[in-house]
Amino acid sequence: MKSKVSRLRHKIKRLETLINTSMVFSGILDIDELLDTVMQKAEEVMDAEASSVFRIDERRKDLYFITARGEKGKEAKEIRVPMGKGIVGWVAKHGKPLLVPDVRKDRRWFRGVDEKTKWVTRSIVAVPLIVKGKVIGVAEVLNKKRGRHFDKGDLELFAALGNQIAIAVENASLYSDLDNLFLSSIRAIVEAVDAKDPYTRGHSGRVVEYALMIGHAVTRSKEKLKEIEISSILHDVGKIGIPDRILGKPGRLTRREERYMERHPEFSAAIIEPIEMLKKLTANILHHHERLDGDGYPSGLRGKEIPFVARIICVADAFDAMTTDRPYRRRRSRKAAFQELKRHSGTQFDARLVNILIREIKKQQLA
Ligand SMILES: [Fe+2]
């Protein structure tokens, strides 16, 4: 008996460590990714075929899937479960864990989800997710592998996990609220800066769009894509420090004015640097006007010395500048801008990134 308890403790300990580690590594950037990792570990330790996490919708008085793993996960995600209905609804309503070794023998069992997804549920362990005394959702694991059924030991183990999962869900949703707030504040500031100069209105937004086209072609990492997005939104924020008479000058700039204008990446970097969440983007922003041959500014970096994201912004930025009207010249056609980017590939621009942008824009035109 003693060894069974200690085995269980050992299992819980191991799982807690795994979950904590995965939370730290994921940086809780993305709720789907985080929960998927947490539930994958839970399935491993519980020896389960599938798992789901539900969140309660207080307004609609029902539950919706935030994670549905397993063969039929995708289909399941469309379904909503009324409060109080089925095993999950019962757990949400009563705030208590529930072991159902054989669903066919339980009156509470609601076969709606199985009917829609063609999945066969045999046994379930479900636990409430409680944050500060309030039930916010339910987590469940389905079907113990090799035709076995879940037992009391499994219930104990999963109940212990419930707290970890609840924290993960709560943190991730707090994070995503904060993240949305943060992004919309940044966008508002940048729009205000863009608006200082009527010719660059909407510029930062379009640079983000082009930079992300390149981004999606080179990486799948959500974190990297976020880095590209925020860096490109903010690349010109330092223009706030450039006097309106230079920024909005209808003719060509004098050499002196130009030199002042060329300080905007430094101003952008100086704005970003003190903000803890943005600090690591400073180099991407500071170097978005460097050239591969070292003739750019502010540091004259060459080739791979220029941060990858800065090279992406550089191409996206140049393309938008060429294809929009400026005080001293009319916009060029896309075709002419492509030629210009190509002509300066290898000296000013990263040739690979130029090719990717051209390819992606052409693809979109065809679509
Ligand atoms: Fe710039």
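Colleague: Over which residues does pLDDT stay under 50?

Modeller: Where pLDDT is low, the predicted coordinates should not be read in detail. Here pLDDT (the predictor's confidence in each residue, from 0 to 100) stays under 50 over residues 21-26. For these residues the model has nine contacts beyond four places in sequence, a contact being two residues whose C-beta atoms, placed from the backbone, lie within 7 Å. This is a predicted model, in which local features need pLDDT of at least 70, side-chain atom pairs count only at pLDDT 80 or more, and totals for chains, interfaces and linings use all residues. Residues are numbered from 1 along each chain as its sequence is written.

Colleague: What is the mean pLDDT of the protein?

Modeller: The mean is 85, and 90% of the residues reach 70 or more.

Colleague: Which residues of helix α11 are buried, and why do they lie on the same side?

Modeller: An α-helix has 3.6 residues a turn, so residues three or four places apart point the same way. In α11 (residues 264-272), the buried residues are H264, P265, S268, A269 and I272. They lie on the same side of α11 because they cover an arc of only 140° around the axis, the arc being that of the directions from the helix axis to the C-beta atoms. Buried means that 20 or more other C-beta atoms lie within 10 Å of a residue's own, with C-beta atoms placed from the backbone. Helices are DSSP runs (H or I, at least four residues), numbered from the N terminus.

Colleague: What covers these buried residues?

Modeller: The cover includes α8 (222-234), α10 (255-261) and α12 (282-286).

Terms used
Buried ≥ 20, exposed ≤ 12 C-beta atoms within 10 Å, placed from the backbone. Helix = DSSP H or I, 4+ residues; strand = E, 2+ residues; numbered from the N terminus.
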